[in-house]
Every structure is written in structure tokens, then in C-alpha cells.
Amino acid sequence: MLPNRSFIQHGVLRYSLGFTSPNAFANIVTITVMNGLIGFTEELDKKRLYYISCLLLIILIMIYKVTNSRAALIFGILFILGTIFSYNYGIKLDKSIFFYSMPVISFLFGMLISIFSIIYASINNIDSTLYNKLEVLFSGRFRYMLYAYDTYGAKWFGNKVEFVSYNMSQLSNGKVKWFGIDNSYMYIMMCYGIVAIIGMLMLYIITSYMAFKMNNTYIVIYLSIIALWGLSENIMINIAMNMSLLVFADYIMNGVKKNSVIRVSS
């Protein structure tokens, strides 16, 4: 019933099944799996958790067969394994400051590797070996990130970036090529500015601290996965897929009620 769009990429036929792109379909399914699992894990016994995890893994593999979206499959599997690990060893992790720092470390890793990769390519030869390696690392997305940076630059409060969707590209009969930024860090910095990316980092720091105070290991796994996933997909600022935006609001409000966040920020 939904209009299906098929794409040939790297010699592989991919299907979107009504969504704007195969990646969008895979991302939404994986995020839904993550949100569902994190919401019900504490209510399950170990046996049911393992059964449900196996079922969810099968779903992710089936979606991968249709969409060939590697990132969604990899990060979905990592989240399921991380949730099982947290379920079994959460009590031992509660006193580990390093564990609760993982979301911030993951965010800094993703942000720095994205920013410094663009800066390096902008001041050096784009035909270099490193440029080609960056293209492989970002699965072909790097040239679009570099184009956006060269065109708009990084400003304190962002730019009005003109994107070209898959629909617009197809309707133009090949006259207009798709253009987007499938990297959360570059997307935030290009569209909302340097202030916004710093603000996101502060949200990660505050929420990681609150997770430590509330002994919530599952949120640590979730935020870390989202931060790493942001390297290859624009999901970190997408309220339709990224539950962490609601997590930030909930944790900050809890902190304000207890005066915790106010004392930390001062």
C-alpha cells in the first residue's frame, strides 16, 4: 500500500518500503527496538529477556536483508548486547565512574573525529590517501559533509542549509542530486551552530551525571550508542527517532527539583 522506493548502492539493491530511504526505514525500526527494550527490560526475568532479545535480533537481521543498512544492524546488536550486559552486571557497574562517563566519551569521540576530519580535508589535498580512508570510514558520506562545510562554513548560530531530499532528486529525473548531511555532529554544527554542539555536549555531561546519581545503567548504554551512531546518521537531533532528547528533559527536571544540577553547574 505504501510507495516503495528501491536504490542500487555499491551494487546492492535496497528497499525503503514506503519510507524516504532504506536507511530511514532501518533506523526507525532499530530505534523502536531500542526504545521498546529499554522500557520493559526491568520488568522481565532473565529467561524472557533472552527470548525477546533473540526475537529482536532476528527482526534486525530481516530489516538488514531488505535495506542493507549496516549501521542500523551494528548499533542495534550492540545495544541489545549492552542491555543484556547491564541487566546482569548493573549492580557492579553502579559505582564505576568510568562506565557512567561513556556517553560523554562517545560524544567527544564522535564530535572530534567529525570536526577534525573536515578541517584536515579542507586544508589538505582531497585526493590524499587519508581522504579516501575517511570516505570509507563514513561510508561515502564524507564528501557531502565536506561540501556542506566548504559551502556554508561553521558559524556560532548556524546556517540555513538547502538540502535536497531523495523525493526531490527523483522528481527532477536526475537533474538535481541528493544532498544531505548524514552525520549528527556536522548537521548540528552546520544547521544550528557551534553553540548548539557545545550545548549538546553539556546535555550529555549533565545527563551522565544524573544517570550516575540515579544508578541507571540502561540510559548509559542508550546514550553511548546514539552518540556513536551519530557518526553515520543524522539522528541525534531528530525527536521522531531519538528518545535521548526526552531523556535530557526528564533528567534535567529531576535534577532541578533536587537542586543537583544547579550545584553541579555552578
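Colleague: Where does helix α3 bend, and by about how much?

Modeller: In this predicted model, α3 bends at Tyr87, by about 55°.

Colleague: Happy with that. What makes the Phe75 and Trp229 pair stacked?

Modeller: Two values decide it. The ring centres are 5.8 Å apart, and a pair needs centres within 6.5 Å. The planes are 25° apart, and planes under 30 degrees apart count as stacked. The count by this rule comes to 10 aromatic pairs.

Colleague: Why do you say that this pair ties together parts 154 residues apart in sequence?

Modeller: Because Phe75 lies in helix α3, while Trp229 lies in helix α11, residues 217-229.

Colleague: Staying with α11, why is α5 called roughly parallel to it?

Modeller: The axes of α5 (residues 102-123) and α11 cross at roughly 5° and come within 8 Å. Angles under 35 degrees count as roughly parallel, so α5 is roughly parallel to α11. On the α5 side the contact includes Phe107 and Phe109; Leu223 and Leu228 are among the α11 residues. By class, there are eight nonpolar, two polar and no charged residues.

Colleague: And why is α9 called oblique to α10?

Modeller: Helix α9 (residues 184-191) packs on α10 (residues 194-214) at about 135°, with the axes 6 Å apart. An angle has to be over 145 to count as roughly antiparallel, and roughly perpendicular covers 65 to 115, so α9 is oblique to α10. Tyr185, Ile188 and Met189 of α9 meet Ile194, Ala196, Ile197 and Met200 of α10.

Notes. Residues are numbered from 1 along each chain as its sequence is written. This is a predicted model: local features need pLDDT of at least 70, side-chain atom pairs count only at pLDDT 80 or more; totals for chains, interfaces and linings use all residues. Side-chain values use heavy atoms; hydrogens and water are left out. The bend at a residue is the angle between axes fitted to the seven residues ending there and the seven starting there. Helices (H or I, at least four residues) and strands (E, at least two) are DSSP runs, numbered from the N terminus. Axes are lines fitted to C-alpha atoms, for helices over the stretch in contact, and angles run from 0 to 180 degrees between N-to-C directions. Contact means heavy atoms within 4.5 Å. Rings of Phe, Tyr and Trp (its six-membered ring) pair if their centres lie within 6.5 Å; planes under 30 degrees apart count as stacked, over 60 as edge-to-face and the rest as tilted. Ala, Val, Leu, Ile, Met, Phe, Trp, Tyr, Cys and Pro count as nonpolar, Asp, Glu, Lys and Arg as charged, and the others, Gly among them, as polar.
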